[in-house]
Amino acid sequence: MSSISVKNIIKSYGKKKDKVIALNDISFEVKEGEIFGIIGPDGAGKTSLFRILTTLLLADSGTAIVDGLDVIKEFEKIRKRVGYMPGRFSLYQDLTVKENLDFFATIFNTSIEENYSLIKDIYLQIEPFKDRRAGKLSGGMKQKLALSCALIHRPVVLFLDEPTTGVDAVSRKEFWEMLKGLKAQGITILVSTPYMDEAMLCDNVALLQKGKVLSINTPAGVITDFKYPLMAVKAKGMLPLLEQLKAMETVKDAYPFGEYHHVVIKNEQLVQQVRDTLSNSSLSDLQMKRVEADIEDCFIDLMKEK
Amino acid sequence: MRTLKFLLQKEFRQIFRDPSIIRLIFMMPVIQLLILPWAADYEIKNIKLSVVDKDHSDYSRQLIAQVTSTGYFQLAVYTNSYPEALEQVESGNADLILEIPSSFEKELIKEDESTLFLAMNAIDGVKANLGSAYLQSIIQDFNKEVRIEWIQFPRFSPETQIEITSSNWFNPLMNYKYFMVPGILVILLTMIGTNLSSINIVREKEIGTIEQINVTPVKKFHFILGKLLPFWLIGLVVLTIGLFISWAAYGIVPVGSFITIYAFAALYLFAVLGLGLLISTYAQTQQQAMLLSFFIMMVFILLGGLYTSIDSMPDWAKWVTRFNPVSYFIEVMRMVVLKGSGLIDIKRHLLIMFGFAVVLNSWAIINYRKRS
């Protein structure tokens with residue numbers, strides 16, 4: 001059974017003249033108990049999608065079912081069953097950590113003690129600061145508190161809108177560990193992120209761009225779908241090199257990738273030709289190697305294709 | 001009910017945790033009520049008078065002495081040239097010019113009548129009007145005295161004269177503080193009601209916490225009530241402080257009962273809190289809310305009958321005041337404090353205020369949606 005089912009959702013903002021289509025005919029399914037990632041650049045429509053699914057925003061058309069409940073007709077029931085952590089920290093900054101948690105527990109008619117087992121691992125990390133005001137916490141702490149508050153009523157589905165944006169690498173890693181723990185407890189998690197490396201940590205990912213779903217697949221599936229040979233190239237003078245690569249007929253795409261440039265070649269037969277051309281040109285310190293595509297290469301390709 | 005309790009608990013925690021709000025709530029009534037009534041005075045004093053005396057007679061000196069002895073006028077310039085006096089008006093040293101012609105005393109004795117010339121600086125309209133009125137009545141008194149001195153026979157004046165004596169009911173000494181202080185108290189309550197509630201809700205919008213509340217099963221009725229009740233209570237506390245200050249500083253004890261005042265204030269606060277709520281549903285930022293409530297307050301104060309009488313406004317303005325809750329409360333306050341009106345006397349006001357509360361709050365609740 002699918003936990004979230006989205007069918008043909010369309011949402012646009014603004015009047016006729018400067019109409020912006022945020023979501024353009026979106027459909028996807030999220031299975032129960034999986035971590036489903038929505039990957040997309042800023043402005044792809046991720047937050048609009050989350051607001052529709054958490055019953056805060058009405059779609060122009062289309063249907064969305066969360067945990068078997070319609071987001072329009074049964075929004076009151078949905079609100080009892082989902083946890084939502086918006087992208088921006090939105091807890092009461094002038095209340096302490098414990099007061100925030102208590103408050104959200106009580107308005108869901110429950111208590112911290114009742115669901116302590118669920119949030120224990122996360123809450124233990126912020127417990128030393130429980131009498132500190134939420135506004136005075138560090139970014140990573142705020143994020144943990146927000147997650148605790150979103151979980152305090154033991155939701156069936158958890159919506160996390162860019163939870164790791166603006167958080168350091170170590171905290172990001174910790175955060176994904178926590179999500180795995182929650183998944184083990186049977187909670188379905190829909191998470192959006194602009195970071196492509198996080199896509200690998202999801203069970204399924206949907207790539208969203210300009211309000212359209214470009215692909216839905218498992219991270220491994222996304223990679224195997226990538227059919228082009230890929231090379232990493234490095235030389236003295238990276239910028240002229242990039243220009244040169246982009247101008248080559250045999251090259252489909254070239255873009256900076258870490259300390260190398262990644263070069264997508266049109267087909268397998270042309271690989272040797274590319275190697276030869278590069279070797280014969282007057283590039284100093286030239287390094288070339290074949291590499292396996294990772295998920296970022298796949299997404300860049302998908303985004304440029306559509 | 002349980003949810004409401006927790007919402008209230010949270011709201012009070014936040015209010016009491018913000019020291020500047022607490023300070024404001026208690027300082028505002030104290031400062032406004034202690035300072036404003038002394039400055040917002042209808043009586044015009046210290047009018048700077050410039051006298052052009054071309055006569056230099058006994059009578060002209062007597063007249064000048066009588067004018068300056070009242071305390072309303074200060075003799076700023078004493079000269080015998082009108083242009084010089086006008087120059088003083090132009091440079092702001094004088095407000096009024098009284099010109100006494102050279103034959104003043106002579107004509108008064110021989111012809112039984114004489115003329116004086118009065119010129120005033122009308123830039124400050126109220127001052128000019130009241131100043132010339134004061135001066136005219138002083139001159140009339142002077143005129144009467146001169147007549148009594150001269151017309152010995154027949155003993156009774158052949159001309160019929162109507163003399164008016166007036167008595168000021170409900171405020172025998174015409175102490176303006178008695179009607180200013182209750183009025184200022186009303187403005188204070190209105191400001192607390194609209195500003196505090198609207199800004200508080202808009203702040204939740206700005207920080208994004210309203211979003212977090214919206215995804216919870218909290219009913220919008222509970223949420224709104226949780227917002228209104230704390231400020232309703234604060235409003236009543238401010239009213240109590242205000243009434244205490246009016247007694248301690250001005251000796252104002254309402255002739256009517258406190259129950260009447262509190263009953264009306266309780267209803268009134270619901271109306272203005274509803275207005276604050278309504279503002280918050282339209283405003284997206286605290287700035288917008290502030291500006292909007294400031295604009296509304298301005299209209300309310302100027303068209304509320306605190307400084308200017310509603311009866312003397314043009315018809316269209318009178319219509320506007322009917323939609324101004326402040327005007328009703330000011331009227332009720334003055335009725336209860338000065339006249340001793342009871343609940344029955346203000347039942348029309350109560351009914352109208354009930355209407356305001358119902359309309360404003362329902363409008364706000366309809367306009368406040370948990371989803372867009």
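So, one term before we start: a polar contact here is a pair of N or O atoms within 3.5 Å, where within protein one must be able to donate a hydrogen and the other to accept it, and residues adjacent in sequence count only if both atoms are side-chain atoms.

Now some housekeeping. This is a predicted model, with local features needing pLDDT of at least 70 and side-chain atom pairs counting only at pLDDT 80 or more, while totals for chains, interfaces and linings use all residues. Residues are numbered from 1 along each chain as its sequence is written, chains are lettered from A and ligands numbered from 1 in the order in which they are written, and side-chain values use heavy atoms, with hydrogens and water left out.

Okay, chain A. Along the principal axes, its C-alpha atoms fill a box of roughly 75 × 45 × 40 Å. Of the 306 residues in chain A, 53% are buried. Buried means under 20% relative accessible area, exposed means over 50%, and partly exposed is in between, using a 1.4 Å probe and protein chains only.

What about the domains? Chain A splits into domain 1 (2–223) and domain 2 (226–305), with bounds that come from an automatic or database domain assignment. Their C-alpha centres lie 37 Å apart, and the contact between them takes 13 residues from domain 1 of chain A and nine residues from domain 2 of chain A. Contact, by the way, means heavy atoms within 4.5 Å. Looking at contacts in chain A between residues at least 6 apart in sequence, 69% join residues at least 24 apart.

Let me zoom in on strand β11 of chain A, residues 230–234. Four of its five residues are buried, so β11(A) is largely enclosed by the rest of the structure. Which strands does β11(A) pair with? One is β13(A), residues 260–265, antiparallel over four bridges; another is β14(A), residues 287–291, also antiparallel, with five bridges. Pairing here takes at least two DSSP bridges between the strands.

On to the rings. Over all chains, the search turns up 20 aromatic pairs. The rings are those of Phe, Tyr and Trp (its six-membered ring), and they pair if their centres lie within 6.5 Å; planes under 30 degrees apart are stacked, over 60 edge-to-face, and the rest tilted. Take F226(A) and Y228(A): their centres are 6.1 Å apart and the planes sit at 75°, so that pair is edge-to-face. F226(A) is buried at 12% relative accessibility, whereas Y228(A) is partly exposed at 27%.

Compare that with F223(B) and Y368(B), with centres 5.9 Å apart and planes at 15°, so this pair is stacked. This pair links distant parts of the chain, 145 residues apart: F223(B) is in helix α9 (220–250) of chain B, and Y368(B) is in the segment after α14 (347–367) of chain B. F223(B) is buried at 3% relative accessible area, and Y368(B) is buried at 9%. Back in chain A, ring pairs also link Y92(A), F103(A) and F104(A) into a cluster.

Some rings have a charge over them, which requires NZ of Lys or CZ of Arg within 6 Å of the ring centre and within 35 degrees of the ring normal. R172(A) lies over the face of Y195(A), 3.9 Å from the ring centre. K234(A) lies over the face of Y260(A), at 5.5 Å.

N8(A), in strand β1 (residues 2–13), has a positive phi of about 50° although it is not a glycine, and N8(A) is partly exposed at 40%. R154(A) also has a positive phi of about 50° without being a glycine; R154(A) is in the loop between α5 (139–151) and β7 (157–161) of chain A, partly exposed at 37%.

Where does S81(B) reach? At the start of helix α4 (residues 82–90), a side-chain oxygen of S81(B) comes within 3.1 Å of the backbone nitrogen of E84(B). Just after α4(B), G92(B) has a positive phi of about 85°. Chain B divides into domain 1 (47–150) and domain 2 (172–367), with 47 Å between their C-alpha centres.

Definitions and conventions. Helix = DSSP H or I, 4+ residues; strand = E, 2+ residues; numbered from the N terminus.
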